[in-house]
Amino acid sequence: MNTDIIIRDLVPEDAFELSALFRRCYGETYGSPIFYDEKALVELINNRELISAVATKGQQILGHVGITVRHQGSEVCETGNTVVDPKERGQGLLLRLGAALHELVQRNGYVGYLHYPTTAHEIMQRASVAYGGKETGVMLAYVPETTDTKLEVKQTGRLAATVAYQPLLPTSSREVILPERYRAVIASIYKKLNLDRRVTTPLPSLDLSLVSDETQLIENYNPQRGLLHIFVATECGHIASKVSALIKKYQPKIVHIDLPLDNPEIDVVIESLRKLGF
(Lines give C-alpha, C1' and ligand atoms only; values in the text may rest on other atoms or scores of the structure.)
Protein backbone atom coordinates (compact mmCIF):
# COMPACT_ATOMS: atom_id res chain seq x y z
CA MET A 1 0.00 0.00 0.00
CA ASN A 2 1.29 3.45 -0.91
CA THR A 3 1.13 5.47 2.31
CA ASP A 4 1.84 8.70 0.42
CA ILE A 5 -1.66 8.57 -1.07
CA ILE A 6 -4.32 10.46 0.90
CA ILE A 7 -8.08 9.75 0.63
CA ARG A 8 -10.25 12.85 1.08
CA ASP A 9 -13.46 14.54 -0.10
CA LEU A 10 -13.63 16.11 -3.54
CA VAL A 11 -13.59 19.94 -3.63
CA PRO A 12 -14.31 22.35 -6.53
CA GLU A 13 -10.61 23.16 -6.90
CA ASP A 14 -10.05 19.52 -7.95
CA ALA A 15 -11.92 19.88 -11.27
CA PHE A 16 -8.81 20.21 -13.46
CA GLU A 17 -6.97 17.26 -11.92
CA LEU A 18 -10.14 15.14 -11.94
CA SER A 19 -10.57 15.68 -15.69
CA ALA A 20 -6.91 14.82 -16.18
CA LEU A 21 -7.42 11.51 -14.34
CA PHE A 22 -10.34 10.50 -16.57
CA ARG A 23 -8.28 11.33 -19.67
CA ARG A 24 -5.40 9.17 -18.43
CA CYS A 25 -7.81 6.28 -17.88
CA TYR A 26 -10.19 6.65 -20.83
CA GLY A 27 -8.79 9.16 -23.30
CA GLU A 28 -11.84 11.01 -24.63
CA THR A 29 -14.15 7.96 -24.56
CA TYR A 30 -15.63 7.99 -21.03
CA GLY A 31 -19.40 7.62 -20.99
CA SER A 32 -20.13 10.72 -18.87
CA PRO A 33 -18.93 13.79 -20.82
CA ILE A 34 -19.37 15.95 -17.71
CA PHE A 35 -15.99 14.74 -16.46
CA TYR A 36 -14.29 16.54 -19.35
CA ASP A 37 -16.01 19.86 -18.60
CA GLU A 38 -14.14 21.56 -15.74
CA LYS A 39 -16.59 24.46 -15.43
CA ALA A 40 -19.56 22.10 -15.24
CA LEU A 41 -17.73 19.92 -12.70
CA VAL A 42 -17.17 22.92 -10.43
CA GLU A 43 -20.90 23.70 -10.57
CA LEU A 44 -21.88 20.09 -9.81
CA ILE A 45 -19.52 19.94 -6.83
CA ASN A 46 -20.69 23.31 -5.49
CA ASN A 47 -24.35 22.23 -5.84
CA ARG A 48 -23.58 18.88 -4.19
CA GLU A 49 -24.91 17.01 -7.20
CA LEU A 50 -21.55 15.22 -7.36
CA ILE A 51 -20.23 14.13 -3.97
CA SER A 52 -17.00 12.17 -4.15
CA ALA A 53 -13.96 10.71 -2.47
CA VAL A 54 -10.61 11.08 -4.22
CA ALA A 55 -7.16 9.58 -3.75
CA THR A 56 -4.43 12.20 -4.01
CA LYS A 57 -0.66 12.26 -4.04
CA GLY A 58 0.52 15.83 -3.76
CA GLN A 59 -1.68 17.83 -6.14
CA GLN A 60 -2.41 14.90 -8.45
CA ILE A 61 -5.63 12.88 -8.24
CA LEU A 62 -4.98 9.16 -8.68
CA GLY A 63 -8.43 7.74 -7.95
CA HIS A 64 -12.09 8.78 -7.73
CA VAL A 65 -15.42 7.31 -6.65
CA GLY A 66 -18.56 9.39 -6.39
CA ILE A 67 -22.22 9.72 -5.43
CA THR A 68 -24.66 10.91 -8.05
CA VAL A 69 -27.88 12.44 -6.68
CA ARG A 70 -30.65 11.49 -9.14
CA HIS A 71 -33.72 12.48 -7.15
CA GLN A 72 -33.79 14.99 -4.31
CA GLY A 73 -35.26 13.48 -1.17
CA SER A 74 -34.37 9.90 -2.07
CA GLU A 75 -33.07 7.69 0.75
CA VAL A 76 -30.88 5.76 -1.68
CA CYS A 77 -28.23 7.25 -3.96
CA GLU A 78 -26.32 5.97 -6.98
CA THR A 79 -22.56 5.55 -6.88
CA GLY A 80 -20.00 5.03 -9.59
CA ASN A 81 -17.54 6.85 -11.82
CA THR A 82 -14.91 4.71 -10.13
CA VAL A 83 -11.51 5.18 -11.72
CA VAL A 84 -7.95 4.44 -10.62
CA ASP A 85 -4.88 5.74 -12.44
CA PRO A 86 -3.47 2.86 -14.56
CA LYS A 87 -0.05 3.27 -12.90
CA GLU A 88 -1.53 2.81 -9.40
CA ARG A 89 -3.61 -0.32 -9.97
CA GLY A 90 -2.93 -3.53 -8.06
CA GLN A 91 -1.91 -1.75 -4.83
CA GLY A 92 -5.20 -1.87 -2.93
CA LEU A 93 -6.27 1.67 -3.83
CA LEU A 94 -9.69 0.54 -5.06
CA LEU A 95 -10.46 -1.05 -1.68
CA ARG A 96 -9.45 2.13 0.13
CA LEU A 97 -11.72 4.18 -2.14
CA GLY A 98 -14.53 1.69 -1.54
CA ALA A 99 -14.22 2.10 2.22
CA ALA A 100 -14.21 5.89 1.79
CA LEU A 101 -17.33 5.69 -0.38
CA HIS A 102 -19.13 3.60 2.24
CA GLU A 103 -18.39 6.25 4.88
CA LEU A 104 -19.29 9.09 2.49
CA VAL A 105 -22.72 7.60 1.75
CA GLN A 106 -23.47 7.19 5.46
CA ARG A 107 -22.21 10.68 6.31
CA ASN A 108 -24.61 12.17 3.75
CA GLY A 109 -27.61 10.45 5.30
CA TYR A 110 -28.36 7.71 2.76
CA VAL A 111 -29.56 4.28 3.86
CA GLY A 112 -28.08 2.46 0.87
CA TYR A 113 -26.70 2.86 -2.60
CA LEU A 114 -26.93 1.42 -6.10
CA HIS A 115 -23.90 0.82 -8.27
CA TYR A 116 -23.22 -0.70 -11.66
CA PRO A 117 -20.00 -2.76 -12.00
CA THR A 118 -19.28 -3.58 -15.63
CA THR A 119 -18.48 -7.10 -16.76
CA ALA A 120 -15.05 -5.84 -17.87
CA HIS A 121 -13.91 -5.47 -14.25
CA GLU A 122 -14.13 -8.74 -12.33
CA ILE A 123 -12.53 -7.16 -9.24
CA MET A 124 -15.29 -4.52 -9.09
CA GLN A 125 -18.00 -7.15 -9.43
CA ARG A 126 -16.49 -9.17 -6.57
CA ALA A 127 -16.17 -6.03 -4.45
CA SER A 128 -19.82 -5.11 -5.08
CA VAL A 129 -21.02 -8.13 -3.06
CA ALA A 130 -18.11 -8.49 -0.64
CA TYR A 131 -19.75 -6.48 2.16
CA GLY A 132 -23.39 -7.53 1.90
CA GLY A 133 -24.23 -6.05 -1.50
CA LYS A 134 -26.98 -7.78 -3.46
CA GLU A 135 -27.01 -8.20 -7.23
CA THR A 136 -30.54 -7.44 -8.47
CA GLY A 137 -30.25 -7.40 -12.25
CA VAL A 138 -28.17 -6.76 -15.33
CA MET A 139 -28.18 -4.00 -17.93
CA LEU A 140 -27.27 -5.55 -21.27
CA ALA A 141 -25.14 -3.65 -23.80
CA TYR A 142 -24.70 -0.79 -21.31
CA VAL A 143 -21.12 0.19 -22.23
CA PRO A 144 -20.09 0.60 -25.90
CA GLU A 145 -17.11 -1.28 -27.26
CA THR A 146 -15.46 2.02 -28.21
CA THR A 147 -14.84 2.84 -24.53
CA ASP A 148 -11.08 2.69 -23.90
CA THR A 149 -10.62 1.28 -20.40
CA LYS A 150 -6.86 0.72 -20.74
CA LEU A 151 -7.36 -3.01 -20.26
CA GLU A 152 -4.65 -5.34 -21.50
CA VAL A 153 -7.23 -7.50 -23.26
CA LYS A 154 -9.60 -5.37 -25.34
CA GLN A 155 -13.30 -6.28 -25.33
CA THR A 156 -15.39 -6.77 -28.44
CA GLY A 157 -19.03 -5.77 -28.52
CA ARG A 158 -20.97 -3.72 -26.00
CA LEU A 159 -20.47 -4.67 -22.35
CA ALA A 160 -23.13 -5.42 -19.76
CA ALA A 161 -23.24 -4.03 -16.22
CA THR A 162 -24.66 -5.69 -13.15
CA VAL A 163 -27.00 -3.76 -10.85
CA ALA A 164 -25.99 -4.08 -7.20
CA TYR A 165 -27.71 -2.70 -4.11
CA GLN A 166 -25.67 -2.08 -0.96
CA PRO A 167 -27.89 -1.73 2.13
CA LEU A 168 -26.59 0.28 5.07
CA LEU A 169 -29.72 0.90 7.17
CA PRO A 170 -33.37 -0.17 6.92
CA THR A 171 -35.38 1.81 4.35
CA SER A 172 -38.70 3.51 5.04
CA SER A 173 -41.91 1.58 4.48
CA ARG A 174 -43.57 2.21 1.11
CA GLU A 175 -46.83 1.39 -0.63
CA VAL A 176 -46.32 0.29 -4.23
CA ILE A 177 -48.45 -0.68 -7.20
CA LEU A 178 -46.76 -3.45 -9.16
CA PRO A 179 -47.44 -4.27 -12.81
CA GLU A 180 -49.15 -7.66 -13.05
CA ARG A 181 -46.70 -8.93 -15.66
CA TYR A 182 -43.65 -8.35 -13.43
CA ARG A 183 -45.24 -8.64 -9.99
CA ALA A 184 -43.47 -11.87 -9.02
CA VAL A 185 -39.96 -10.81 -10.01
CA ILE A 186 -40.22 -7.37 -8.38
CA ALA A 187 -41.66 -8.88 -5.19
CA SER A 188 -38.77 -11.37 -5.10
CA ILE A 189 -36.28 -8.50 -5.28
CA TYR A 190 -38.01 -6.74 -2.38
CA LYS A 191 -37.74 -9.96 -0.38
CA LYS A 192 -34.07 -10.46 -1.28
CA LEU A 193 -33.26 -6.91 -0.16
CA ASN A 194 -35.47 -7.03 2.96
CA LEU A 195 -37.32 -3.91 1.79
CA ASP A 196 -40.54 -3.01 3.60
CA ARG A 197 -42.98 -2.76 0.70
CA ARG A 198 -46.76 -3.17 0.86
CA VAL A 199 -48.27 -4.04 -2.50
CA THR A 200 -51.61 -2.33 -3.10
CA THR A 201 -54.17 -2.93 -5.83
CA PRO A 202 -55.59 0.21 -7.45
CA LEU A 203 -59.24 0.57 -8.36
CA PRO A 204 -59.68 0.02 -12.11
CA SER A 205 -60.25 3.16 -14.19
CA LEU A 206 -63.77 3.50 -15.50
CA ASP A 207 -62.57 5.45 -18.52
CA LEU A 208 -58.93 5.48 -19.60
CA SER A 209 -59.62 8.56 -21.72
CA LEU A 210 -59.93 10.46 -18.44
CA VAL A 211 -56.30 9.72 -17.56
CA SER A 212 -54.22 12.87 -17.89
CA ASP A 213 -51.95 13.05 -20.93
CA GLU A 214 -49.81 15.77 -19.33
CA THR A 215 -46.98 13.37 -18.60
CA GLN A 216 -43.68 14.88 -17.56
CA LEU A 217 -40.79 12.95 -19.05
CA ILE A 218 -37.26 13.84 -17.95
CA GLU A 219 -34.85 12.78 -20.69
CA ASN A 220 -31.10 12.37 -20.66
CA TYR A 221 -29.23 11.28 -23.77
CA ASN A 222 -25.62 10.14 -23.52
CA PRO A 223 -24.09 10.24 -27.01
CA GLN A 224 -20.91 8.51 -25.86
CA ARG A 225 -22.88 5.44 -24.77
CA GLY A 226 -25.72 5.80 -27.25
CA LEU A 227 -27.98 5.59 -24.19
CA LEU A 228 -31.31 7.38 -23.76
CA HIS A 229 -32.54 7.45 -20.15
CA ILE A 230 -36.15 8.52 -19.57
CA PHE A 231 -37.63 9.14 -16.13
CA VAL A 232 -41.42 9.31 -15.95
CA ALA A 233 -42.00 12.00 -13.33
CA THR A 234 -45.83 11.97 -13.36
CA GLU A 235 -48.35 9.19 -13.71
CA CYS A 236 -50.02 8.67 -17.04
CA GLY A 237 -51.38 5.81 -19.12
CA HIS A 238 -50.52 7.33 -22.49
CA ILE A 239 -46.78 7.78 -22.96
CA ALA A 240 -46.00 5.61 -25.99
CA SER A 241 -46.22 8.45 -28.50
CA LYS A 242 -43.92 10.67 -26.44
CA VAL A 243 -41.39 7.90 -25.96
CA SER A 244 -41.50 7.14 -29.69
CA ALA A 245 -40.80 10.80 -30.45
CA LEU A 246 -37.75 10.80 -28.19
CA ILE A 247 -36.41 7.61 -29.78
CA LYS A 248 -36.87 9.13 -33.21
CA LYS A 249 -35.12 12.31 -32.07
CA TYR A 250 -31.99 10.68 -30.61
CA GLN A 251 -31.78 7.33 -32.46
CA PRO A 252 -30.21 5.67 -29.38
CA LYS A 253 -28.66 2.20 -29.20
CA ILE A 254 -30.25 1.54 -25.80
CA VAL A 255 -33.28 3.07 -24.03
CA HIS A 256 -33.90 2.85 -20.27
CA ILE A 257 -37.21 4.03 -18.80
CA ASP A 258 -37.78 4.51 -15.07
CA LEU A 259 -41.45 4.09 -14.15
CA PRO A 260 -42.93 5.24 -10.81
CA LEU A 261 -44.59 2.45 -8.86
CA ASP A 262 -47.26 4.73 -7.40
CA ASN A 263 -49.06 4.92 -10.74
CA PRO A 264 -52.49 3.20 -10.77
CA GLU A 265 -52.21 2.91 -14.57
CA ILE A 266 -48.87 1.08 -14.46
CA ASP A 267 -50.23 -1.95 -16.36
CA VAL A 268 -51.48 0.27 -19.18
CA VAL A 269 -48.07 1.94 -19.35
CA ILE A 270 -46.22 -1.39 -19.41
CA GLU A 271 -48.34 -2.84 -22.22
CA SER A 272 -48.07 0.32 -24.34
CA LEU A 273 -44.28 0.24 -24.01
CA ARG A 274 -44.15 -3.46 -24.88
CA LYS A 275 -45.89 -2.63 -28.15
CA LEU A 276 -42.92 -0.39 -28.93
CA GLY A 277 -40.54 -3.30 -28.40
CA PHE A 278 -39.61 -2.92 -24.75
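## What "buried" means here

A residue is called buried when its relative accessible area is under 20%, exposed when it is over 50%, and partly exposed in between. Keep that in mind as you look around this structure, which is a predicted model.

At 7% relative accessibility, Asp 14 falls under the 20% limit, so it counts as buried. You'll find Asp 14 in the loop between strand 1 (6-9) and helix 1 (15-26).

## Asp 14 and its neighbours

Which residues does Asp 14 touch, leaving out those up to four places away in sequence? They are Arg 8, Asp 9, Val 54 and Ile 61.

Asp 14 is buried, while Arg 8, at 30% relative accessibility, counts as partly exposed.

Side chains of opposite charge can pair when their charged atoms come close. How many salt bridges are there in this model? The count comes to 10.

Take Asp 85 and Arg 24, whose side chains meet in a salt bridge at 2.6 Å, N to O. Asp 85 lies in the loop between strand 4 (76-84) and helix 3 (93-107), and Arg 24 lies in helix 1, so this pair ties together parts that are 61 residues apart in sequence. Asp 85 is buried, at 4% relative accessibility, whereas Arg 24 is partly exposed at 27%.

Next up are Arg 198 and Glu 175, with a salt bridge of 1.8 Å, N to O. This pair also links distant parts of the chain: Arg 198 is in strand 9 (residues 197-199), Glu 175 is in strand 8 (residues 174-176), and they are 23 residues apart. Arg 198 counts as partly exposed, at 47% relative accessibility. There's a network to spot as well: Asp 9, Glu 103 and Arg 107 are joined into one by salt bridges that share partners.

## Rings that pair up

A pair of aromatic rings is described by the distance of the centres and the angle of the planes. The structure holds six aromatic pairs. One of them is formed by Tyr 26 and Tyr 30, a tilted pair with 4.7 Å centre to centre and 55° between the planes. Are these two tyrosines buried or exposed? Tyr 26 is buried, and so is Tyr 30. Both belong to one aromatic cluster, together with Phe 22 and Phe 35.

Tyr 116 and Tyr 142 make another tilted pair, 6.5 Å centre to centre with 40° between the planes. Tyr 116 lies in the loop between strand 5 (112-115) and helix 4 (122-128), and Tyr 142 lies in strand 6 (residues 134-143), so the pair ties together parts 26 residues apart in sequence. Tyr 116 is partly exposed, with a relative accessible area of 24%, but Tyr 142 is buried at 14%.

The charged end of Arg 197 sits over the ring of Tyr 190, 5.9 Å from the ring's centre.

## One face of helix 7

Which residues of helix 7 (residues 266-274) are buried? They are Ile 266, Val 269, Ile 270, Ser 272 and Leu 273. Look down the axis of helix 7 and these buried residues fall within an arc of 165°, so they line one face of the helix.

And what covers them? The cover includes helix 6 (240-250) and strand 12 (254-258).

Key
Residues numbered from 1 in each chain as written. Predicted model: local features only at pLDDT ≥ 70, side-chain atom pairs only at ≥ 80, totals over all residues. Heavy atoms only, no water. Phe/Tyr/Trp six-rings, centres within 6.5 Å; stacked < 30°, edge-to-face > 60°. Buried < 20%, exposed > 50% of the residue type's maximum accessible area, 1.4 Å probe, protein only. Helix = DSSP H or I, 4+ residues; strand = E, 2+ residues; numbered from the N terminus. Lys NZ or Arg CZ within 6 Å of the ring centre and 35° of its normal. Arc of directions from axis to C-beta. Contact = heavy atoms within 4.5 Å. Salt bridge = Lys/Arg side-chain N within 4 Å of Asp/Glu carboxyl O.
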